[in-house]
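Dear colleague,

Please find the structure handed over below. My notes on what was found in it follow directly after.

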Amino acid sequence: MFTKLKSLLYNNEVRAILFQILAVVVIAYFAYQAFDNMMLNIEQRGIRSGFSFLNDEAGFAVNDNFFLEYSPASTNLQAFYVGIVNTLIVAITGIFLASIIGLIVGISRLSSNYLIRKMAAIYIEIFRNIPILLQILFWYSIALSAFPSPKNSINFFDSIFLNSRGLYLPKPIMDGQFYFVVASLIVGIVSYIFIKKRSDKKHDETGIKTNTIPYFLGLVLLLPVVVYFIFGVQLEYPVLKGFNFRGGVDLSIEFFALAFSLSIYTATYIAEAIRSGVESVDKGQKEAAAALGLKDSWAMRLIILPQALRVAIPPIINQYLNLTKNSSLAAAVGYTELVTIFSGTVLNVVGQAIEIIMLTMLVYLTISLVISLILNIFNKKMQIKGG
Amino acid sequence: MAIYSLKETKLPPQSQTKAILWLKDNLFSSVSNVALTFIALYLIYLLLPPILNWTIFNANFDLTADNQSCGREGACWAFIGSNLKMFIYGFYPQEELWRVNTMFGIIVALMVFGSLIKKSQYWARYIIGSFLIYPIVAFILLHGGLGLEVVETDKWGGLTLTVVVAAVGIVASFPLGILFALGRQSKMRIVKFISVVYIEFVRGVPLITILFMASVVLPLFFSAGMDFDKLLRALIGITLFQTAYIAEVIRGGLQAIPKGQYEAADAVGLNFIQKTVLVILPQALKISIPNIVGSFIALFKDTTLVLIIGLFDMLAIVGAATSNSAWLGRTTEGYVFVAMVIWVILYSMSRYSKRLEVRFSTEHK
């Protein structure tokens with residue numbers, strides 16, 4: 001009996017179960033203690049709990065607001081949505097710019113031109129090794145002092161103004177005419193994609209190449225412009241009133257400082273990813289391309305890059321996620337995105353730290369999840385088939 | 001019969017000598033290359049002079065100057081000179097600064113001694129011993145106690161604070177990270193589940209939200225009597241954050257260990273702890289060292305975020321120093337100085353990690 005029990009105790013599976021029960025008990029105990037203390041603390045400090053605060057009036061103004069209806073009389077929930085939209089806007093802008101800069105720098109890093117190669121390397125080494133928060137604060141302070149005051153704004157055609165508060169653009173008034181232009185743009189893009197697909201198919205089958213650039217210019221660029229001139233769109237122009245501009249779309253200087261810093265910081269990582277991708281392509285591929293008589297630029301575009309991107313894109317997508325997470329540093333300069341609005345202003349007013357920070361984290365978790373989903377799909381699609 | 005005499009050797013033609021050949025190959029090999037060279041030169045022309053003018057040629061290096069006499073055309077390095085102590089020590093009391101210096105001195109001494117006995121059999125013990133004992137010594141030196149006057153943590157700041165936060169984050173997250181990495185690799189379902197949820201949760205949210213949580217939510221979880229130090233809260237946040245990243249790095253190392261190693265350890269009759277500590281971890285950690293250093297570099301960069309929850313690290317000192325009316329408007333100098341200091345630290349760390357990578361990769365060839 002005793003030896004049986006002893007042997008049971010030395011059985012690996014039994015041990016595993018015992019250990020797990022122990023782990024669960026310990027965690028449950030601490031969780032219970034924490035919860036208990038939390039309830040007590042909340043009661044003592046007179047903090048509300050629950051999510052009813054979302055329906056309260058927010059009571060604060062937001063600098064950057066693009067699509068949503070928002071005023072200080074709106075609810076906290078609406079402020080939350082504005083925060084999410086602004087996070088996404090700065091993240092998408094940053095991702096777009098970082099990809100372009102990263103691609104240019106990454107390819108420059110491999111250039112046969114000594115100066116270009118060295119400059120790209122120096123760029124990467126400098127901006128990668130300075131904390132992003134420091135870069136944001138630095139560019140923000142530079143932007144604040146470099147641009148003129150609203151009274152002396154840099155003026156383009158009396159409709160676009162740039163000053164130390166931000167960039168002010170005319171805003172199209174959303175009515176029938178505006179939707180015509182948007183619709184024509186969508187039609188243009190869709191039909192261009194269709195034409196491009198057909199010409200690609202023709203190229204695959206017969207080897208005859210059609211130049212689709214005129215179609216692109218005509219459908220995507222010219223068509224909306226023509227529609228714009230035929231129907232016309234009412235624009236709301238920004239006007240200087242008192243100390244600042246009113247009306248139109250305004251992009252705050254905080255937005256620019258943040259988007260700029262995020263993109264030049266993340267671009268260094270993207271450039272490195274592209275470089276390591278290109279370097280991962282077997283040398284024989286380049287030689288084979290040369291042996292076929294392809295020009296260097298063609299070999300790069302048709303042979304090297306497609307293979308390099310397979311390696312480079314997963315880390316690049318990870319960098320996109322990092323950029324999105326880093327956009328939360330807006331709190332340091334006051335661009336009104338999720339963390340600034342919600343974990344900052346709303347938290348200060350309402351004081352319900354647990355709910356607010358949980359909601360904030362939930363948004364970022366969702367974004368992370370979506371991005372890793374995209375990454376998985378990409379990896380599946382890119383897997384070398386057969387073999 | 002013709003007689004051939006040896007001809008005098010000629011120098012290579014002008015176009016094939018070193019400097020010109022190099023220029024031709026690297027800068028002017030084709031039309032597009034020439035264009036690129038000119039674009040690069042133009043960019044340099046555009047960027048370099050203003051930067052050099054501001055930092056050097058128009059700058060005022062007179063360290064006794066004040067804000068007015070410094071001028072506005074260039075940098076005023078007197079700002080750094082007169083605030084240097086604040087940048088390094090924060091608001092640490094003047095007469096106690098020797099304690100911070102001693103703390104830094106001991107680190108340097110430990111590292112020098114460590115590199116001297118690298119080949120010795122006691123090296124591993126020495127490293128582990130210093131990791132265990134040094135933090136206690138450093139804490140007593142910085143905070144006080146044992147006859148030293150207590151300096152509250154709100155007086156800590158500047159580079160000292162940056163180093164403290166990074167060092168605590170590194171030292172504390174390392175064992176925790178190993179635990180979570182092992183947990184994630186474990187066959188025990190519940191343990192694995194907990195580890196995966198923790199790691200993925202932390203990696204999915206920005207550090208700043210974790211710092212907010214540590215500074216605002218965490219105190220709510222403890223009974224009201226416990227007074228939480230602001231620095232301690234930041235340290236907990238940083239450690240929780242870093243743990244998840246270290247765990248992932250170490251997991252990468254664990255996955256690279258061939259199955260045979262586990263089986264061999266089992267075959268010799270080692271139990272789980274012996275197997276892990278003596279066979280698996282030494283190999284896994286060795287493989288992951290370059291990535292661990294990389295993760296520490298990232299942590300060092302991230303420590304700047306503590307300024308958002310109101311600690312005065314080196315970056316926050318810029319704000320504090322320029323809010324003093326004597327140095328209004330010198331933020332650029334401050335940021336540039338801090339950027340240079342942090343850059344030097346991070347660049348040398350990343351060089352070091354590159355060297356490690358090379359050192360460890362050659363062993364397998």
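**Helix packing between the chains**

Helices are DSSP runs of H or I with at least four residues, strands are runs of E with at least two, and both are numbered from the N terminus.

On helix 12 of chain A, the contact is made by A:Ala353, A:Ile354, A:Ile357, A:Thr360, A:Met361 and A:Tyr364. Helix 9 of chain B contributes B:Thr209, B:Phe212, B:Met213, B:Val216 and B:Val217. Two residues are in contact if their C-beta atoms, placed from the backbone, lie within 7 Å. By class, the residues of this contact are nine nonpolar, two polar and no charged. Nonpolar means Ala, Val, Leu, Ile, Met, Phe, Trp, Tyr, Cys and Pro; charged means Asp, Glu, Lys and Arg; the others, Gly among them, are polar.

**Basis of the model**

This is a predicted model, in which local features need pLDDT of at least 70 and side-chain atom pairs count only at pLDDT 80 or more, while totals for chains, interfaces and linings use all residues. Residues are numbered from 1 along each chain as its sequence is written, and chains are lettered from A and ligands numbered from 1 in the order in which they are written.

**The contact as a whole**

The contact between the chains takes 44 residues from chain A and 41 residues from chain B. Helix 2 of chain A gives the most to the side of chain A that touches chain B, with 11 residues. That side has 28 nonpolar, 14 polar and two charged residues.

**Chain B**

Chain B has 14 helices and zero strands. Its radius of gyration is 28 Å, well over the 21 Å that the globule rule gives for 365 residues, so chain B is more spread out than a compact globule. The radius is taken over C-alpha atoms, and the rule is 2.2 Å times the number of residues to the power 0.38. Along its principal axes, the C-alpha trace of chain B spans about 100 × 75 × 40 Å.

With kind regards
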